[in-house]
Amino acid sequence: MNAQHFSTPPRWLPLRLLLGGVVAALLLLLTQRRSLSTLFAWDVPAPGLWARCGSSLIVLVIALLLAMSIGLAAGLLARRIGSRMEMITALLGRALACLPIAAVAWGFIGGWIGHLGWPVETLLHAQLPEAAGTWQTTLARTLWEFLAPALVLALPLCGEVIECVITDATATADLDFSLRARGVPQSSRLWVHHLRQLLPLLRVRMQSLCLIAPVYLLIVEDVLRFMGWGGWLAQSIRAGDVSGIAFGFITGGAMMALLCVCLFVLRGRLKSSSSFIPALAWHPWFLWALGVMTLTNMSVLCWLILWLAVLVAGSAAWHQAWNSIEDQLPIDAARVLGASECMIWLKQIAPVQFRILAAWVCTVFAQTLLWIAVACAIQPRLLEELVDPLAQWCRPLANVSMQDAAQTLADPSALLHAGSSIALVALCLNQVSRIVQPRPT
Amino acid sequence: MSDASIKKDAPLLRIRDLQIEFGRHDGESVKAVKSISFTLKQGESIALVGESGSGKSATALALARLLPEPPASISAKEMSLNGHHILEMNERELRAIRGKEIAYIFQEPSTSLNPVLTIRTQIGEALALHRPDVAKADRDDEIVKWLDKVGIVDSRKRLRAYPHELSGGMQQRVMIAMALCTQPKLLIADEPTTALDVTIQKQIMDLLAELRRDLDMSIILITHNLGIIRSVVDRVAVMFRGEIVETGPVDEILRNPKHPYTKALLACVPRMGAKQPRLQAIDYATLA
């Protein structure tokens, strides 16, 4: 799973994302001793970039809407069927979320073009001379142009939402019994009472996905050759274009902020977090890490940056898990019974902290694996520093040249093997993390 | 005899030889209720009294088939409510009588009210489901009428309140209003005051007694506290280990208990002013 574990966002999240993007861009330019005028001369990075940002925003909105509606429908239907189906669906959701996005994107092209023989509009423009002028054809082309990346992007996001809908159900009040006693039909129990309780939690989850989705979009647009912000930023990262990357940070932050603002239409709010750690964690660290990694040739430093991003982004999960459990520990009772502080720490705090730490380590390893796959897909030079079997798994995901792409499409077995291996390891680590993680009663 | 008086005398609820079992993973089942029988006329009220695990709540929930089947298995020679044979009804038919003919009030109001919906939406839903005679435009007035009836002050203002904005006592009053607005024939109050403090307990019990008189409604009151039932019910059935061990008019049972378990239960009730050096614990060895 790549989205953050449940932690409430800080106050003014959209503004923080916007300002965070600007600050990250400025720091990037300053470390490279570039003048700030490079940043403010907005026509410099690429002509037509605003249109590209608009296109990407449309793709992101479609993908998030698709993921939310499919995830909600699947999660709630699983709940309706029963607890076993819920468990299976949650596991499938987690598995889907663990698929490397590059494998999904290349798998989509392989299946669509290689197997079905249908065109992907951004790759192979369909020739329809007799109907080329009609508005229906234009609409269909435009729709398809946006739908293809949105569908690919929606797949892992959908897995995340399914898992979240089912997991968050345990945090809502179980009113089923009293609603049955009132004669409320099952559909109302599910789609009115349960869904309304889920919406505030879902909004937080969707906001968390808004930080991940633009990073995935880099890969999707790059693979599908979509003329959007993601494709352009992926090229900038690959070329080491600092001003382009800085501009990508700003526009990326703005897009995330806009998406978070749009999510305010979902009813119900949770209290914002006021502590420092969640405020720090709720930033697009992975996007920034991918950008900053290009600036150094030392691969050790690259991996350290990525590792730090994973640690900072995951710190809120630890903080939230500990906060929710700490109140339930019988620490005061132990003090009343005369236990020393050392004994309390050894008997009460340390075992719980150890389990939280073990769960967190597993999650961090799973996320690191998935982000290594993302980083290698954008920057294939990083592959050289990886050891087997990690290098073997990540190599088929990095198709930069036409030859690589043609080879992958001709024989997708290596891609599928790589994607499924990474997904399986990440899924196993996530499952171990779930088992080890202590839960508040 | 007139039709009305025949209808009045006909039992609203008739239970004969009700048995409830719960299946277990090891194959053996546990008998929670062992062959109990009682009848209840329209407007009559009964208290099912007993300690935790005596089968009183299982009995009450079985009346609307609310227990999950399986693991529960309910059987009876007769179980009818207002002419409906409960055990022969399907889920759709049961849904139609739940809330409409038989309404429940549970112990903890905060776990029965949806925290993200307003009082208006939740009571409005009950009206929409079971009172089609109330037009949508009149629904607010009807809700206010019932909120007034259960003693909620400034009721129109409370329509837009969420459950967390109300105290525990107020929430329980809302639950009572929600249960009664559909004008059920039978109200089952399953330990309605256990989660409330003592002064609120008294208010809620007085409210139930008053509403019962005003609405000519039958009540089954489930409680383990014999001290609070006098003002609300006519009869008492004392349950012990899944059986009714003693039944009779409330005054008689309270004044002259016959079964040792009833005597033991009464001895557990603290009395103001009475010289009792220590509350007695039930000696199960003498009851077995």
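**Entry 1: confidence**

I looked up the mean pLDDT of the elements of chain B in this predicted model. Helix α1 (residues 3-9) of chain B has the lowest mean, 53, and α4(B) has the highest, 90. Over the whole of chain B the average pLDDT is 81, and 89% of the residues score at least 70. For the complex, I recorded an ipTM of 0.80 and a pTM of 0.79 from the predictor.

**Entry 2: α4(B) and α7(B)**

I next examined how α4(B) lies against helix α7 (residues 168-180) of chain B. Their axes come within 8 Å and cross at roughly 25 degrees. An angle under 35 degrees counts as roughly parallel, so α4(B) is roughly parallel to α7(B). I recorded the crossing of α4(B) and α7(B) as right-handed.

Which residues make this contact? From α4(B) I listed Ile119(B), Gln122(B), Ile123(B) and Ala126(B); from α7(B) I listed Val174(B), Ala177(B) and Met178(B). Sorted by class, the contact of α4(B) with α7(B) has 6 nonpolar residues, 1 polar residue and no charged residues.

**Entry 3: where chain B touches chain A**

I then turned to the interface. In it, 19 residues of chain B are in contact with 13 residues of chain A. On the side of chain B that touches chain A, α3 (91-97) and α4 (119-130) of chain B each supply at least two residues. The largest share of that side, 4 residues, comes from α4(B). By class, I found 10 nonpolar, 5 polar and 4 charged residues on the side of chain B that touches chain A.

**Entry 4: chain A as a whole**

I found 18 helices and 0 strands in chain A. Along the principal axes, the C-alpha atoms of chain A fill a box of roughly 80 × 60 × 40 Å.

**Entry 5: α5(A) and α6(A)**

Last, I looked at a helix pair in chain A. The axes of helix α5 (residues 101-115) and helix α6 (residues 135-168) of chain A come within 10 Å and cross at roughly 140 degrees. The two helices, α5(A) and α6(A), are therefore oblique to each other. Their crossing is right-handed.

I listed Ile101(A), Val104(A), Ala105(A) and Phe108(A) in α5(A) as meeting Val152(A), Leu155(A) and Pro156(A) in α6(A). By class, this contact of α5(A) with α6(A) has 7 nonpolar, no polar and no charged residues.

Terms used
Residues are numbered from 1 along each chain as its sequence is written. Chains are lettered from A and ligands numbered from 1 in the order in which they are written. This is a predicted model: local features need pLDDT of at least 70, side-chain atom pairs count only at pLDDT 80 or more; totals for chains, interfaces and linings use all residues. Two residues are in contact if their C-beta atoms, placed from the backbone, lie within 7 Å. Ala, Val, Leu, Ile, Met, Phe, Trp, Tyr, Cys and Pro count as nonpolar, Asp, Glu, Lys and Arg as charged, and the others, Gly among them, as polar. Axes are lines fitted to C-alpha atoms, for helices over the stretch in contact, and angles run from 0 to 180 degrees between N-to-C directions. Angles under 35 degrees count as roughly parallel, over 145 as roughly antiparallel, 65 to 115 as roughly perpendicular and the rest as oblique. A crossing is left-handed if the near helix is turned anticlockwise from the far one by less than a right angle, and right-handed if clockwise. pLDDT is the predictor's confidence in each residue, from 0 to 100.
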